Amino acid sequence: MWFFARDPVRDFPFELSPDPPEGGPPGPWVLHRGRKKATGSPVSIFVYDVKPGADEQTQVAKAAFKRLKTLRHPNILAYIDGLETEKCLHVVTEAVTPLKMYLKERAEAGGLKELELSWGLHQIVKALSFLVNDCSLIHNNVCMAAVFVDRAGEWKLGGLDYMYSSQGNGGGPPRKGVPELEQYDPPELADGSGRAVREKWSADMWRLGCLIWEVFNGSLPRAAALRNPGKIPKSLVPHYCELVGANPKVRPNPARFLQNCRAPGGFMNNRFVETNLFLEEIQIKEPAEKQKFFQELSKSLDSFPEDFCRHKVLPQLLTAFEFGSAGAVVLTPLFKVGKFLNAEEYQQKIIPVVVKMFSSTDRAMRIRLLQQMEQFIQYLDEPTVNTQIFPHVVHGFLDTNPAIREQTVKSMLLLAPKLNEANLNMELMKHFARLQAKDEQGPIRCNTTVCLGKIGSYLSASTRHRVLTSAFSRATKDPFAPSRVAGVLGFAATHNLYSMNDCAHKILPVLCGLTVDPEKSVRDQAFKAIRSFLSKLESVSEDPTQLAEVEKDVHAASSPGMGGAAASWAGWAVTGVSSLTSKLIRAHPAAETNVPQRPTPEGLPAPAPTLVPAMPATPGAWETQEEGTDSAEDSSAADRQDDEDWGSLEQEAEAVLVQQEDWSAGGQASHAGQTSSLDVKSPESDWSSWDAEGSWEPRWQDPSPPELPPEGTRLASEYNWGGPEPSDKGDPFAALSARRETGAQLRPDSWGDDNWEGLETESRQGKAELARKKREERRREMEAKRAEKKAAKGPMKLGTRKLD
């Protein structure tokens, strides 16, 4: 029976790359690229071939193998695996590049910044300090060829071939026998006179000075060149001169050298070094320190090297979110670093974290995600959006905080193209209908209308026919003037989605009613939209053969291209509101802001959009800010999310019931002094029959008797919504207010007296009446339950306060 010996090289779990070797330190070692067979992860493999008659050199190589295997330090080349046979030695380390080659590549790409060089030298000096002070070892080979750089730009000290103990055990320094290395020996070793007493670190610190000279000036031609600092930075020159001084006794200890360079104004005293030092110790830092660090990190990332951000900062950010308590503060630097990743890396590293963040109940984190969705939406696929993200995002529509509701609406512009039919045409429309009709904040109602106009092209044909006309018509009856403007612009932006019959019988009657609106901005947009629709009708009347071309998009399937006409309309309404509107909403819940400009329909010139601060809607509704207020109070809401109490999603149902109890009792909440209180019902009762009814309209029509607005209510035309100062000349349309006061007054949950739903069949009116009765029954049931609870608790004792 024959037995075959196994080949250890073939069984080795690492293999050499077919690429030519990258060189290596002067001597017998040759550096190759390699990879792990099982995973394909890159590594570096140092290979030494045993040659006959080179026993001394072989012993040096084996000693280096042993040293590298036993020494572990972040700044020393990391050993992974090794192979020793009679013919060769293989040492596998982390994937690195020789420093000389790295500097050459970076010079061709524009050169290294001083920040990178300062941190690289800091790492080499720290490695020397570890060897000398902690291990009592002399490296004896510090030079450019002994330094390597990993993929994150971290400098690693290698070349341990000639290392020896400073305590004398194990013999003296081994003989190098390589002329290229002997030029780095200090003068006291070259002449052998022993004229001065030296410290154990003196020779290595001289060689460190040679390394610094080569980093800034290139290869060292001769020792005499060290007298000229050349391109060495001025802040480093004094410390460099100490290293290359003729007296070895005055050369500083590596730890002392680091301390000197880290002093104020020193070469290594900068933000990049401080960031790296913090990251090395982040696991033992206090939570408050981590929070402050991540908050300040985003400002510095632009000046940091790309490789450093990708391979060192990003893992720490992911770890801080996964296992730490960093929270929402990691989002800004996380997405900033994400810009350096390609699509595949982004999918592997960032997207899983983003999906997990959306399921968090931390409201500060959720609103930051919504605000920065534009940075990662392109990497999300449709199944992930519909099953893992959208179900969590829709909770924001029911949130008690206006800033979250507003940001959720704006995020739909990015999510809509990726939503499936059920989520887009049913679930989302249900929430939009509720917000547009029932939300107490005018800017949110306005932005809902704007968002609906922008995503209209993604809706199915049946949903467009059922929703758009009704929704925009409802917006034109909103007491908040910008919402009425948004309704007009919604018609204009989606003009290609309506049939000629709808234009003539449904849209133009609504627009004509706005030509006598008290607000001039509403009238101006109404006239422009009317001219646009009339021109279409007239062109079809002149040439009936154009009808098919004009109505080609009416029954077409949803398509992103159909929204091209709406690409730039009403952009004012969905940008910048969190910084202005939400702050005002938070301070004064009755205030409404974000006055619209005048984006025009297709075919008309569009003026430049601007943001105009809101004016008070009722006399004394909120006072002018006092002079001398700190400018920090004007910071955007996005910058102060962490300081706000966002409440709890679990309390949402209770909050809705409390509001229902307060408002059903007859209390009225002023909507900027212009509108009566709105009925607030639980989402279940409000929308339980939405799908069955199949109509956008019935939820908004409540045949309750009209109520007069609160006493002292001023007309919208009496306010300056951001335009020029009012002149003494009266508004010719102001007289229309008298008819509105005596005639069609606002109802609690209806924005106008015009029954535009009357165009539908009488059966839908019957459904609306049935829905109203169901709501009334639900209200009586809730009152009965509350009465039972109060009766069960018994009377309150005097002198005590009862807490629910």
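How much space lies in the largest cavity? About 150 Å³ lies there, a cavity being a set of points on a 1 Å grid over the protein atoms alone where a 1.4 Å probe fits but cannot get out. The volume is the space filled by probe spheres set on the points, which are joined across faces, edges and corners. This is a predicted model, in which local features need pLDDT of at least 70, side-chain atom pairs count only at pLDDT 80 or more, and totals for chains, interfaces and linings use all residues. Residues are numbered from 1 along each chain as its sequence is written, and side-chain values use heavy atoms, with hydrogens and water left out.

**Chain**
- The protein chain has 31 helices and ten strands, taken as DSSP runs (H or I, at least four residues; E, at least two) numbered from the N terminus.
- Of its 804 residues, 50% are buried, that is, under 20% relative accessible area with a 1.4 Å probe, protein chains only.

**Largest cavity**
- Lining residues have an atom within 4 Å of a point; among the 13 here, Phe46, Leu68, Gly159, Leu160 and Asp161 are the closest to the centre.
- Helix H2 (residues 55–70) gives the largest share of this lining, three residues.

**Second largest cavity**
- The second largest cavity has a volume of about 80 Å³.
- Its lining holds 13 residues, with Glu116, Ala152, Gly153, Phe272 and Pro305 nearest the centre.
- Helix H4 (114–134) and helix H12 (306–323) each give two or more residues to this lining, and H4 has the largest share, four residues.

How values were computed: 1 Å grid on protein atoms, 1.4 Å probe; cavity = no way out; pocket = protein on both sides within 12 Å on 5 of 7 lines; lining within 4 Å.
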